[in-house]
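This briefing goes through one protein model by topic. Please look at the sequence and the 3D structure before reading on.

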Amino acid sequence: MKKKFLKLFLLVAISLLISLWVGIKFFEEDDDAIHIAFVGPLSGDDQRIGQSMVQAIQLYLDNINQLRSDQKIILDIIDDKNDPNEATKKAIEIVKSNAIAVIGHHMSDCSIAGGKIYKNKIPAISPASSLNELTQNNEWYFRMMFDNNLQGSFLAGYAKKYLIQPNSNISIIYTNDVYGADLARVFEKTTNKNDAKDGCTKYGCKWMLSLKTSKLKQHARIRQIVNELNTNQDDAGLIFLATQAPKGVELVKSIRDAGIKNRLVAPDSYASKIFYTGFKDEPKEQKQPGFYTDGIYVSTPFLFDTANKYAHDFNSNYKKKFQEELPFQAFYAVDAAIMLVEAIRQANIQEQELSKNRGKIQNILANKFNTPKQAVEGTTGLNYFNERNASKPISMGLYRGEYLLAAYDQLQEMPHDEKTFDKRGQVSIGNKSFHKNDVVYTGVQFSEISDFDPNAITYKLKFYLWFIAKNKELELGNIEFINAVKPIVLGTPVINETADSKYLRYEIEGYFKGNIRSSVLFTNQHTLGISFRHSNLNRTNIIYVTDNWGMDLTNNLKESRNNTNLFKDKAWAIDDFIFFQSIFKEKTLGDPKYLKSKNSNEYEYSQFNANILISNNAYFYHEIIPSQFIVEFFIFAIVMTILLILFSYKKNISTKKLKYLWFIQIILTVFLLISIEIIGGKIIAGEWFLIKIDINKIQIILTIFEILWWIIPAIFFSIAAERFVWMPLEEKTGRSIPNIMRLLISTLIYILALFGIIAFVFNRPIISLLATGGLLAGIIGLAIQMNLTNIFSGIALSLERSFRVGDWVKIGKFDEGVIVDMNWRVTQIRTRRKYILSIPNRVVSSSDIHNFSYPDNKYWLLCSIHIDPRHDPRKIEDILINAILSVNKGIVKDVMPFVRLESIQERSSNRLISNYVIYFKTENYKYKTKVLKDVWERIWVHLNQAGIIKPIDEIKSFKGTSALTSSKLEEVLTTGKLKNMIGG
């Protein structure tokens with residue numbers, strides 16, 4: 001028998017070791033893995049931005065590594081603390097490492113410091129550094145966004161065109177770091193309002209805020225600037241804030257608190273989360289969200305309401321994992337990773353050739369991704385470099401309340417050979433020409449989804465659709481629904497016009513067609529919603545953006561997801577709503593209007609999409625097992641499951657081991673079921689074997705698996721009741737659990753599983769079943785009510801361990817005694833009068849229980865004695881304490897007794913009497929009466945020796961209790977020796 005057990009144990013041990021080895025090989029970093037370094041602020045003011053970048057890049061690489069069958073890509077994470085000196089040190093470490101490329105740094109001065117080290121050694125891409133010098137004279141450094149030259153001149157040109165009247169004044173507040181000073185210089189030069197000195201002139205005002213002074217002096221300087229601005233606000237005109245976001249929070253707060261109404265314009269750092277969340281603790285902001293930010297114009301490389309579907313999908317996945325939104329810098333960090341992964345794919349990386357591999361990556365970045373046709377699509381659009389600077393448009397954002405939305409007027413750079421733009425909307429900034437786009441804020445509110453056909457993926461929608469535009473001449477209602485089953489004619493809109501905008505709202509009803517989010521069997525996910533474009537105006541004229549402010553997405557989407565009346569098909573759940581703008585391309589088909597254009601083959605429309613993501617959430621767990629290891633998981637799970645079942649039925653196996661086995665068994669069984677589903681799905685879908693199965697048989701297979709997912713948990717819960725409840729109780733109490741209890745619990749578990757199958761698998765109402773089951777349970781319950789009550793009370797008493805066999809107790813009003821037996825029905829006590837008292841467990845559990853043997857066998861007693869008040873109380877106290885301590889046995893002498901003069905009473909003989917109470921600690925409640933007798937005798941002896949006792953005709957009382965509250969001790973008072981001994 002021992003040899004058989006040893007063989008089984010060795011087999012299990014070997015299987016576990018093999019599994020451990022496979023797991024380590026699966027999760028460990030491959031020796032030949034390709035390393036990319038990320039360096040940025042993982043501590044300090046911009047810590048949240050740095051951490052978001054790391055998390056976003058890692059999320060992208062995790063998805064890429066699942067698809068790569070060869071070398072994995074590993075991200076090495078490095079903190080430069082946004083400090084140029086630290087950046088230099090970390091750059092040296094990176095160059096010496098095995099990283100093939102670098103993503104970083106965040107701040108321009110850190111990038112400049114690191115770039116000196118990276119030059120000619122390792123390619124680097126900065127997601128957000130905008131200083132002009134970064135990519136100049138350094139062919140190994142690239143950037144994902146515009147530089148300060150373009151940003152500063154763009155802001156100045158936009159301000160002159162759309163934000164101020166001709167010849168109006170412009171003021172600048174800037175910091176003396178490289179970011180602020182560079183932007184201020186370019187902005188000032190572009191506006192032709194040059195003045196080297198700080199202060200106010202006929203062109204406006206200019207103030208420099210030094211970051212090289214203490215924070216106290218910086219606060220004082222900000223107060224000075226705001227006071228001067230308040231005095232000269234009529235002459236200041238538009239104010240350009242050329243600072244980083246943290247300092248911008250201080251400036252804007254001081255300006256708004258001072259009541260200054262001048263229009264504010266700021267660079268891209270003000271588009272970050274650091275800025276717009278910097279006011280969240282301010283009372284004015286809490287009372288009126290957006291109090292500080294409302295009305296500020298901000299340049300930004302990325303606006304989420306104009307982002308593509310890739311960005312929305314990535315942000316949705318990121319939000320599910322990290323419960324937060326991505327800052328715009330993180331999108332550019334992800335796109336840097338996307339470009340590097342594509343460069344790695346094209347570079348044919350060879351082992352042990354680090355310097356050559358780095359050179360290959362640099363060459364591809366510089367020469368392969370330098371035109372729109374060679375661009376790599378990412379979350380921020382098409383990514384390609386023009387002299388190592390990404391050719392990305394600059395968007396103008398406007399804070400409306402607390403939301404940063406696209407401004408009504410946007411500028412799009414015109415290609416040099418483009419002839420199709422309206423020259424009247426052209427704006428020249430530096431040596432570049434820009435064309436004006438009208439932004440149309442678009443909002444959707446769904447009110448009903450019905451008639452859903454999951455096979456054809458068609459559905460009926462009722463919804464409100466509205467548009468808000470600055471250009472009142474736009475035909476906002478002239479749209480075409482791209483996914484409508486039949487053409488939809490818009491009805492009469494609700495129209496409202498203000499001085500600066502036009503509002504149209506339509507109520508629409510129609511049938512639309514969606515698409516499948518996943519084609520894998522056992523997966524039910526679809527995308528519903530609407531998509532439309534303008535019928536005539538292409539993307540050079542209008543751009544649709546999501547009206548986040550008007551829809552109040554955060555609150556409205558939560559309400560829509562929780563609205564059970566929105567989706568009429570209750571078998572499906574709404575996972576999410578996604579609103580985004582995309583590009584709809586259409587062939588020109590020889591239209592003469594576009595023949596002069598270089599891109600004459602097709603033209604682009606701005607397409608608005610409102611997607612509703614739905615699923616039945618039935619098979620999401622398939623993602624637990626990587627698809628490439630599904631066969632290995634299946635074989636391992638089935639072998640280990642059989643071994644563990646055999647091992648569980650070994651004789652004399654401990655309860656502790658059975659608990660551990662239960663956890664392992666349930667995990668393996670889950671893996672086994674999932675792997676069977678996935679393998680079966682691939683076979684049925686024809687991915688592994690060309691097997692054609694009738695659709696009805698597929699439904700039967702799906703139903704069988706759904707039933708198994710109810711039956712198997714019921715089996716494991718029944719086993720858990722045995723291993724985690726009944727067996728430990730039997731070991732602890734030494735008694736067998738009644739079989740009726742085991743049967744009742746198991747039956748209840750399987751009945752609940754049956755109800756679940758009927759309700760959720762077969763979609764049948766269970767109200768009648770519940771009513772019948774409730775009636776049956778009521779009849780059975782009434783028949784065995786008293787026994788069940790006693791049994792459950794006995795279980796509760798055993799778990800609580802209020803007492804044990806051998807403990808001296810007093811239960812309720814019953815006589816005190818020692819516990820001699822406890823079973824599932826009654827508790828038995830042997831009293832001091834030597835009879836057995838049986839108390840039902842339900843009575844015990846509802847009574848007060850005084851346990852004199854727990855937590856140990858020591859307890860306090862008291863006795864009272866009457867003394868003539870003429871005696872000195874201090875002397876009486878010493879005598880009584882000495883009397884107690886003189887008792888040979890039963891007294892705990894390391895705890896000092898104490899005496900309290902409780903009262904002085906007038907007796908019937910017109911005399912006063914003092915009542916003293918003596919407290920002392922003793923042990924073993926069994927000998928309480930003997931201890932009291934010995935104590936009483938010693939008190940009498942000591943008082944008598946002191947000459948205090950004299951015979952009287954009055955019997956005095958003597959008390960003792962374990963809790964200082966028990967009844968009189970009649971046995972002591974019945975002894976003739978102790979009568980008439982104490983008097984006063």
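A residue is called buried when its relative accessible area is under 20%, exposed when it is over 50%, and partly exposed in between (1.4 Å probe, protein chains only). By these terms Arg874 is exposed, with a relative accessible area of 63%. The model is predicted, so local features need pLDDT of at least 70 and side-chain atom pairs count only at pLDDT 80 or more, while totals for chains, interfaces and linings use all residues. Residues are numbered from 1 along each chain as its sequence is written, and side-chain values use heavy atoms, with hydrogens and water left out.

**Overall picture**

- The protein has 26 helices and 37 strands; these are DSSP runs numbered from the N terminus (helices: H or I, at least four residues; strands: E, at least two).
- Of the 984 residues in the protein, 48% are buried.
- The accessible surface comes to about 50,300 Å², and carbon and sulfur atoms hold 54% of it. Accessible areas come from the Shrake-Rupley method with a 1.4 Å probe, and for residues only the protein chains shown count as cover.
- A contact means heavy atoms within 4.5 Å. Among contacts between residues at least 6 apart in sequence, 70% join residues at least 24 apart.

**Confidence**

- pLDDT is the predictor's confidence in each residue, from 0 to 100. The protein averages a pLDDT of 80, and 79% of the residues score at least 70.
- Residues 416-421 have a pLDDT below 50, and this stretch has 12 contacts in the model beyond near neighbours in sequence.
- Residues 951-984 also stay under 50 in pLDDT. The model has 78 contacts for them beyond four places in sequence.
- Where pLDDT is low, the predicted coordinates should not be read in detail.

**Salt bridges**

- A salt bridge is a side-chain nitrogen of Lys or Arg within 4 Å of a carboxyl oxygen of Asp or Glu. By this rule the count is 19.
- Lys206 and Glu188 form one of them, with the closest N and O atoms 3.3 Å apart. This pair links distant parts of the chain, since Lys206 is in strand 8 (residues 204-209) and Glu188 is in helix 6 (residues 178-191), 18 residues apart.
- Lys206 counts as buried because its relative accessibility is 11%, and Glu188 counts as buried at 10%.
- Asp438 pairs with Lys436, the closest N and O atoms being 2.5 Å apart. Asp438 is buried at 10% relative accessibility, whereas Lys436 is partly exposed at 22%.
- Asp872 pairs with Arg874, with 3.6 Å between the closest N and O atoms. Asp872 is partly exposed, at a relative accessible area of 34%.
- Lys253, Asp257, Glu282 and Lys284 are linked in a network of salt bridges.

- Two strands pair if DSSP finds at least two bridges between them. Strand 30 (residues 808-811) pairs with strand 31 (residues 817-822) in the antiparallel sense over two bridges.
- Strand 30 also runs antiparallel to strand 34 (residues 849-851), and three bridges join them.
- Which residues are the bridge partners of Val809? In strand 31 the partner is Gly817, and in strand 34 the partner is Asn851.
- The hairpin of strand 30 and strand 31 has five residues between the strands, and there Gly812 takes a positive phi near 55°.

**The loop between strand 3 and helix 4**

- His105 lies in the loop between strand 3 (99-103) and helix 4 (108-118). The peptide bond from Gly104 to His105 is cis, with omega near 0°.
- Met107 has its place in this loop too. Met107 counts as buried because its relative accessible area is 14%.
- Leaving aside neighbours within four places in sequence, Met107 is in contact with Asp46, Asn82, Ser129 and Gln244.
- Met107 and Asp46 are 61 residues apart along the chain, and their C-alpha atoms are separated by 9.4 Å.

**Positive phi outside glycine**

- Asn167 is not a glycine, yet has a positive phi of about 65°. Asn167 is found in the loop between helix 5 (148-163) and strand 6 (170-175), and is exposed at 78% relative accessible area.
- Asp451 is not a glycine either, and has a positive phi of about 50°. Asp451 is found in strand 20 (residues 432-453).
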